[in-house]
Amino acid sequence: MSSLQKLSLTSTVPILNSSYTMPRLGFGIYQSPPAVCVNSCLTALKAGYRHIDSAQFYANEREMGEAVKKSGIPRSEIFLTTKILSAGGSPEKSYQKCRDSVEKIDGREGYVDLFLIHSPNGGPKAIQEMWQALERLVDERKVRSIGVSNFGIGHIERMKEYAKIWPPRVNQIELHPWNQQRDIVFYCNTHNIIIQAYCPLVRNMKAHDETLVSISKKHNKTTGQVLIRYCLQKGWVPLPKSDTPERIEKNADVYGFELDEGDMETLNGLDQGERGAIVQAVKND
């Protein structure tokens with residue numbers, strides 16, 4: 001367990017085939033309205049987070065970038081992610097959509113640390129179009145690393161046919177004790193694809209679950225802190241989301257305790273497979 005004890009708010013994970021690293025804890029800003037988002041990001045940065053996750057679909061990329069500028073923290077010390085949900089209709093249009101995101105976040109001369117394809121739902125042609133746009137941005141040094149979200153094994157395997165950059169460096173999927181997605185997790189681990197966990201707090205829907213509450217009482221921690229710690233000990237990169245300052249701070253305070261083997265086994269035993277998903281489980285065919 002000694003390696004787990006070394007986990008801290010400054011812990012990072014290396015990104016495959018690059019000199020870059022990613023902070024092990026991220027801050028999610030889904031459904032954080034523009035008027036609130038800047039302050040939430042500033043609260044997170046003040047609490048020690050150095051990794052923020054946005055998307056074109058969230059409509060708050062610009063606010064994420066604004067918070068970084070206002071924070072006074074050097075841009076090089078903060079890891080910023082965004083995502084493209086739907087293809088533009090041509091390689092050039094998809095490229096421009098992604099280029100526009102980079103400029104919104106970090107200005108004309110800036111960059112994004114990680115750019116993901118948000119979903120495979122557009123189909124193989126759209127995935128190829130978006131991936132090749134992202135590869136072009138890597139070549140231009142506007143994006144440092146690229147990856148996917150909600151992709152199953154088949155989606156990632158089929159990318160081999162055209163991808164210059166393969167495997168994707170990241171797969172961001174819904175993960176928590178009730179939806180552990182073990183097949184895609186095993187696949188990603190086998191291929192050194194970083195696994196990011198969205199909805200690690202299950203949107204607070206399990207805050208009164210007896211098993212979770214008993215473990216949280218045992219450690220004198222919130223249920224949210226237990227769920228985030230669980231993700232970290234599984235080797236995932238959790239992306240907890242909140243617009244409440246106190247919760248933002250508490251969700252980063254997960255390094256003064258450790259879940260023991262019994263706790264982890266108990267939480268592992270809560271898996272409900274696809275039924276446990278509150279957003280979506282990946283399709284692995």
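Reply: What follows begins with strand β9 and then moves to other spots.

First, the ground rules. This is a predicted model, so local features need pLDDT of at least 70, side-chain atom pairs count only at pLDDT 80 or more, and totals for chains, interfaces and linings use all residues. Residues are numbered from 1 along each chain as its sequence is written, and side-chain values use heavy atoms, with hydrogens and water left out.

Strand β9 covers residues 194-198. Helices (H or I, at least four residues) and strands (E, at least two) are DSSP runs, numbered from the N terminus. In β9, 5 of 5 residues are buried. Buried means under 20% relative accessible area, exposed means over 50%, and partly exposed lies in between, with a 1.4 Å probe and protein chains only. Side chains in a regular strand alternate between the two faces of the sheet. On one side of β9 sit I194, Q196 and Y198.

Next, its partners. Two strands pair if DSSP finds at least two bridges between them. Strand β8 (residues 170-174) runs parallel to β9, with 5 bridges joining the two. V170 has I194 as its bridge partner in β9. Strand β10 (residues 237-238) also runs parallel to β9, joined by 2 bridges. Here A197 is partnered by P238.

Helix α7 (residues 182-190) forms a right-handed β-α-β unit with β8 and β9. Right-handed means that, with the strands pointing away from the viewer, the path from the first strand over the helix to the second runs clockwise.

Now L239, in the loop between β10 and α10 (245-252). L239 is buried because its relative accessible area is 5%. Contact means heavy atoms within 4.5 Å. Leaving aside neighbours within four places in sequence, L239 contacts Q196 and A197, among others. The list also includes G26, F27, G28, H51, D53, Q172 and P200. D53 is 186 residues away from L239 in sequence, yet their C-alpha atoms are 7.4 Å apart.

D260 caps the N-terminal end of α11, with a side-chain oxygen 3.0 Å from the backbone nitrogen of G262.

R99 lies in helix α4 (residues 91-106). R99 counts as buried because its relative accessible area is 18%. Its side chain makes a polar contact with that of E140, at 3.5 Å. A polar contact is a pair of N or O atoms within 3.5 Å; within protein, one must be able to donate a hydrogen and the other to accept it, and residues adjacent in sequence count only if both atoms are side-chain atoms. Not counting residues up to four places away in sequence, R99 touches R108, L137, E140 and K142.

Last, the cysteines. A disulfide is a pair of cysteine sulfur atoms within 2.5 Å. The count is 0 disulfides. For C41, the nearest cysteine sulfur is that of C37, 4.0 Å away. C41 is buried, at 0% relative accessibility.
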